Amino acid sequence: MPNPAGMHDDLERMLLSAEEISARVAQLGQAISRDYADKPLLMIGVLKGSVVFMADLMRAIDIPVQIDFMAVSSYGQGAQSTGMVRIDKDIDISLAGKHILIAEDILDSGKTLSHLMALLATREPASMRVVALLDKPSRRTVDIRADYTGFEVPDEFLVGYGLDYAERYRNLPGVAVLKREVYAT
Ligand code: PRP
């Protein structure tokens, strides 16, 4: 495998290979295709982490699907959180009458998703569900879960397949655990 800018030297171990992810994404695509066979489906990816997952998942879906993307950031962090998200990029497509499926690379505390779902609910889609490639339930602070989950993962610093540390490693084909020394300075 190529090792751009020594990326692999920073990795503790691979957690999920590209092949494992591909097999699971195929299963998710089949389940989604079945569940939305007679419904207008709009998949909304949450930038930037979801781009790789979205690109693969949409091709594993064999029914008509529209896609769009949002970028959000939280107002305030931790205890000072206002419970709001700021929209940095909104979708272009109307949600009226659409069955929307929010695609996330990882569900961690759940804050991003709960804020985003509350926001999108005000636009009255026909239904709203969530697909998350990775789920870290041990980190959850908000009572929220995905309707479709790829893998439950341990509470470690994960990078690759869209996930970053300081905007690096998103282009790793699999998901890896980052060495502590890389982020603990
Ligand atoms: C990550 C991830 C989710 C969110 C999950 O995004 O893509 O959107 O964090 O965390 P939560 O459940 O604790 O809210 P991030 O803010 O790192 O931005 P990115 O997708 O651009 O990397």
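**A close look at R59**

Guide: Let's start with a side chain that has a partner: R59 makes a polar contact with the side chain of D56, at 2.8 Å. (A polar contact is a pair of N or O atoms within 3.5 Å; inside the protein one must be able to donate a hydrogen and the other to accept it, and sequence neighbours count only through side-chain atoms on both sides.) Before going on, keep in mind that this is a predicted model, where local features need pLDDT of at least 70 and side-chain atom pairs pLDDT 80 or more, while totals for chains, interfaces and linings use all residues. Residues are numbered from 1 along each chain as its sequence is written, and side-chain values use heavy atoms, with hydrogens and water left out.

R59's side chain also reaches the backbone oxygen of A55, again at 2.8 Å. R59 itself is part of helix α2 (helices are DSSP runs of H or I with at least four residues, strands runs of E with at least two, numbered from the N terminus). R59 counts as exposed because its relative accessibility is 63%; the cut-offs are under 20% for buried, over 50% for exposed and partly exposed in between, with a 1.4 Å probe and protein chains only.

G97 sits in the loop between β4 and β5 and is partly exposed, at 46%.

Now go inside. The largest nonpolar core has 28 residues, with I32, L57, V131 and L134 making the most contacts in it; such a core is a set of buried Ala, Val, Leu, Ile, Met, Phe, Trp, Tyr and Cys residues joined through side-chain atoms within 4.5 Å. Helix α2, R59's own helix, is among the elements that give two or more residues to this core, and so are α1, β5 and β6. The largest share, 5 residues, comes from α1.

As for α1, its 18 residues should span 26 Å, and its end C-alpha atoms are 26 Å apart, so the two agree; the expected span is 1.5 Å times one less than the number of residues.

Last stop, the ligand. It has 13 residues around it, the closest being E104, D105, S109, G110 and T112 (near means a heavy atom within 4 Å). Ligand oxygen atoms lie 2.5 Å from an N or O atom in the side chain of D105, 2.7 Å from a polar backbone atom of G110 and 3.0 Å from an N or O atom in the side chain of R170. The protein covers 71% of the 500 Å² of accessible area the ligand has on its own, an area from the Shrake-Rupley method with a 1.4 Å probe; for residues, only the protein chains shown count as cover. Strand β5 gives the most to this shell, with 3 residues.
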